[in-house]
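Please read them with the structure open beside you.

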Amino acid sequence: MEIAELGVESAFLITPDVHSDHRGLFLEVFSQPVFERAVGHRLSVAQLNCSVSRRGTIRGMHAIALPGQARYVTCAQGGIVDIVLDIRVGSPTYGAHVAVELTAANRRALYLAEGLAHGFAPLTDDATVVYLCSSTWSPGAEVIINALDPELGLPWPTDGPVQSEKDAAAPSLREARRLGLLPTLTECQARYAELADLTLTR
């Protein structure tokens, strides 16, 4: 398994070793020791989510207010483009994004730390996404950025997308910052340090 940090700090792409033979295939979707060495702390899993989406859908951009929710995302069926957006005020890559394809063929996964937002769009019908979450869903703590914010120019693979009413009505990144909805890089770094300390004391 290879874990490499992407162009947005604290977002990592996981490429597993896939073992195939006449029976099919086997891979490790997640390895705590490998993850811990690459990221610097353990991933505590509080919730496992699964969503199925049809082509033309956009889900996102979503985050949870600090202490936040880290996510480890993979695509079990079909394919998606997953986009990570840096919404940490004060970050050198604030407002920047990275887009990766996660498919049942490449078997890759994506990890995004607390303070990062993400969303995805299916590249196939019935794209099935499974993701580990470090905390349970907290509706009052949701941070949503409009996925179609023209200032962000996110590379969605669809025109006239299907969105939830909540996602379609979400503020732009500029407006969310003005409203004080976004975390700061300093706050996020303190959270990452806290997680590293907890890992050392286990």
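1. The charged end of Arg-177 sits over the ring of Tyr-94, at 5.1 Å from the ring centre; a charge is taken to sit over a ring if NZ of Lys or CZ of Arg is within 6 Å of the ring centre and within 35 degrees of the ring normal.

2. On provenance, this is a predicted model, in which local features need pLDDT of at least 70 and side-chain atom pairs count only at pLDDT 80 or more, while totals for chains, interfaces and linings use all residues. Residues are numbered from 1 along each chain as its sequence is written, and side-chain values use heavy atoms, with hydrogens and water left out.

3. A search of the whole structure finds 5 aromatic pairs, where rings of Phe, Tyr and Trp (its six-membered ring) pair if their centres lie within 6.5 Å, and planes under 30 degrees apart count as stacked, over 60 as edge-to-face and the rest as tilted. One of them joins Phe-12 and Tyr-111, whose ring centres are 6.3 Å apart and whose planes stand at 40 degrees, so this pair is tilted. The pair links distant parts of the chain, since Phe-12 belongs to strand 2 (residues 11–15) and Tyr-111 to strand 10 (residues 109–112), 99 residues apart; strands here are DSSP runs (E, at least two residues) and helices likewise (H or I, at least four), numbered from the N terminus.

4. Phe-12 counts as buried at 7% relative accessibility, and Tyr-111 counts as buried at 0%, where buried means under 20% relative accessible area, exposed over 50% and partly exposed in between (1.4 Å probe, protein chains only). The rings of Phe-30 and Phe-35 also form a tilted pair, with centres 5.7 Å apart and planes at 55 degrees. Phe-30 is partly exposed at 24% relative accessibility, whereas Phe-35 is buried at 1%. Phe-12, Phe-30, Phe-35, Tyr-72 and Tyr-111 form one aromatic cluster.

5. Helix 4 (residues 185–200) has 16 residues and spans 23 Å from its first C-alpha to its last, close to the 22 Å expected at 1.5 Å a residue; the expected span is 1.5 Å times one less than the number of residues. Its buried residues are Leu-185, Cys-188, Arg-191, Tyr-192, Leu-195 and Thr-199. Because they cover an arc of only 125 degrees around the axis, they lie on the same side of helix 4, the arc being that of the directions from the helix axis to the C-beta atoms. An α-helix has 3.6 residues a turn, so residues three or four places apart point the same way. Thr-186 and Leu-200 are exposed on the other side of helix 4, and what covers its buried residues includes helix 1 (32–39), with contact meaning heavy atoms within 4.5 Å.

6. How many disulfides does the structure hold? There are 0, a disulfide being a pair of cysteine sulfur atoms within 2.5 Å. The sulfur of Cys-133 is 12 Å from the closest cysteine sulfur, in Cys-50, too far for a bond, and Cys-133 is buried at 0% relative accessibility. Cys-188 is in no disulfide either, the nearest cysteine sulfur, that of Cys-133, being 17 Å away; Cys-188 is buried, with a relative accessible area of 0%.

7. Ala-99, in strand 9 (residues 97–103), is partly exposed, with a relative accessible area of 40%. Not counting residues up to four places away in sequence, Ala-99 touches Val-81, Asp-82, Ile-83 and Pro-155. The C-alpha atoms of Ala-99 and Ile-80, 19 residues apart along the chain, are separated by 10 Å.
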